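Subject: Structure for your files

Hello,

Here is the structure I said I would hand over. My notes on it follow below.

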Amino acid sequence: MPIWDVFGKRKPDDEFEWVGSIKASDLEMALVLARETHFRHKEGVAYAVRGHGEQGLHVASYGGDELGGVTDRSYRRQEAYVGVGRKHRKVSQLLAERGLTIDRPRPPVGRSAATSRSG
Amino acid sequence: MNRSDGEDPRLALVLALADDELILGHRHSEWTGWAPHIEEDLAFSSIAQDEIAHARLLYRLAREAGLTDRDEDALALGREPHEYTNAVLCERPNGEWAYTVARQYLYDTADAVRLESLAGSSWRELADAVKVMQLEEKYHLDHARVWFERLTGGPSLTAREKFAEGLARAIGEAIELFEPLAGEALLIAEGVMERSNEELLLDWLARVGEELEAASMDYVLERHAAGVGEMVPTSSGDIAGGAEEFSAPVAVRRGGRWVHEGGFTGSGGRRGRHSEDFLPLWEEMTALYRSHPGARW
């Protein structure tokens, strides 16, 4: 499958900057897939793709407000998960009070971050 | 605004829309990690999140308008199976990618038709919510169309056949998205709905028929017309009145365009009757809420 370079603008007056690449079968598919691969966290207000060997950019037609969702997407950002340690301690305390334990061990300290994709 | 049974018909309208989005969003989310490739995985997972977010908007609207005492979590996760009024199409398992995409195409085309109409609703708050939803639905339709064109017009005969099978399987149940609502006449009289579900169905069939003809795939409409109409009521969808037959109109070509023939008889998804596929979905989706009612993150 062909590789497409993806470009984005953080603000309307910016120049397009390279942000990454995607694989897509053709131009239209690349425009559809680039959007959620690279701009679902509101990384930009406009984006474009360019195939290998091409000179010009193909600019997507979505408005800046639409990128990254128009409803509450706070769960996609780490700020939505503040206080996790406190919640964890509270749950542990509640479990202990009821004589319950979670039998799956916690990952060892110092292990690198999981490689799973964020949603 | 109340029906003779005392219920505000706006609740049935909002729940039908919201439950469709929630249940289909849940099915879409089952592709996360399994879609054909990573870019598609991200795109389709985002679409799933959009649909569930739209359900939230609508549940909240129902509460704010005083149509229900239940909050969005209680509406999404705290109802009994027969209280969900999504169309059966939305609860069907994903099966193959071809079925998933065929269903998404049919559903999002139908969603576009009904949202275009509801954007002009006399109920201002609903019209506002619909306009927010439309911003994201445009992308869903682009996604569905791009896949439609590639699966129908691409080099792979297998892809085309699988997509045709998916369409044939989904199209009868897609018609049921337009099952009339309880109190629909009142909603139309008040301008909450500008057009009836039957008029919307006609619009949708014309649109889908034209696009399938352009791809020389309209035979799936003919094939479906021969053999639909049955539905299996199950324990998950038992409703008052028992197990009467449910049937929906079928698509026929007449006067150069696709129209529907026959009416809705019995009660389908819009009255809480579901297929055998609903209960496993409901059990998984609501498991946490049912074991810890009222729990908050």
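Helices (H or I, at least four residues) and strands (E, at least two) are taken here as DSSP runs, numbered from the N terminus. On that basis chain A reads β-β-α-β-β-α along its sequence, with 2 helices and 4 strands. Please keep in mind that this is a predicted model.

Chain A

Of the 119 residues in chain A, 31% are buried. The chain is split into domain 1 (3-66) and domain 2 (74-101), and the C-alpha centres of these two domains of chain A are 38 Å apart. One backbone detail is worth a look: A:K42 is not a glycine, yet its phi is positive, at about 60°. A:K42 sits in the loop of chain A that runs between α1 (27-38) and β3 (46-51).

Salt bridges

Over all chains the count is 25 salt bridges. One of them joins B:R150 to A:E28, at 3.1 Å from N to O. This pair crosses between chains, with B:R150 in helix α6 (residues 124-153) of chain B and A:E28 in helix α1 of chain A. A:E28 is partly exposed, at 41% relative accessibility. Both residues also belong to a network of salt bridges that links A:D26, A:E28, B:E149 and B:R150.

Within chain B, B:E72 and B:R60 form a salt bridge whose closest N and O atoms are 2.9 Å apart. B:E72 belongs to helix α3 (residues 72-77) and B:R60 to helix α2 (residues 38-64) of chain B, so the bridge ties together parts that are 12 residues apart in sequence. How do the two partners stand in accessibility? B:E72 is buried, with a relative accessible area of 18%, because buried means under 20%. B:R60 counts as partly exposed, at 32%.

A further bridge in chain B is between the side chains of B:E83 and B:R70, at 2.9 Å from N to O. B:E83 lies in the loop between α3 and α4 (88-91) and B:R70 in the loop between α2 and α3, so the two are 13 residues apart. B:E83 is partly exposed at 26% relative accessibility, and B:R70 is partly exposed at 31%.

Surface

A nonpolar patch on the surface is formed by A:Y75, A:Y81, A:V84 and B:W297, which together have about 420 Å² of accessible area. B:W297 is found in the segment after α11 (278-291) of chain B. With a relative accessible area of 60%, B:W297 is exposed.

Chain B also has a residue with a positive phi that is not a glycine: B:S216, at about 50°. The loop that holds B:S216 lies between α9 (197-214) and α10 (219-226) of chain B. B:S216 is partly exposed, with 46% relative accessibility.

Cavities

There are 2 cavities of 30 Å³ or more. The largest cavity has a volume of about 140 Å³. It is lined by 14 residues, of which B:L13, B:L17, B:R114, B:L181 and B:N197 are the closest to its centre. The elements that give two or more residues to this lining are α1 (9-29), α5 (97-118) and α9 of chain B.

Regards

Technical notes
Residues numbered from 1 in each chain as written. Chains lettered and ligands numbered in written order. Predicted model: local features only at pLDDT ≥ 70, side-chain atom pairs only at ≥ 80, totals over all residues. Heavy atoms only, no water. Patch = residues over 30% accessible without salt bridge, like charges linked within 9 Å, V, L, I, M, F, W, Y side chains within 5 Å. Areas by Shrake-Rupley, 256 points an atom, 1.4 Å probe, with all protein chains shown as cover. Salt bridge = Lys/Arg side-chain N within 4 Å of Asp/Glu carboxyl O. Buried < 20%, exposed > 50% of the residue type's maximum accessible area, 1.4 Å probe, protein only. Domains from an automatic or database assignment. 1 Å grid on protein atoms, 1.4 Å probe; cavity = no way out; pocket = protein on both sides within 12 Å on 5 of 7 lines; lining within 4 Å. Points joined across faces, edges and corners; volume = space filled by probe spheres on them.
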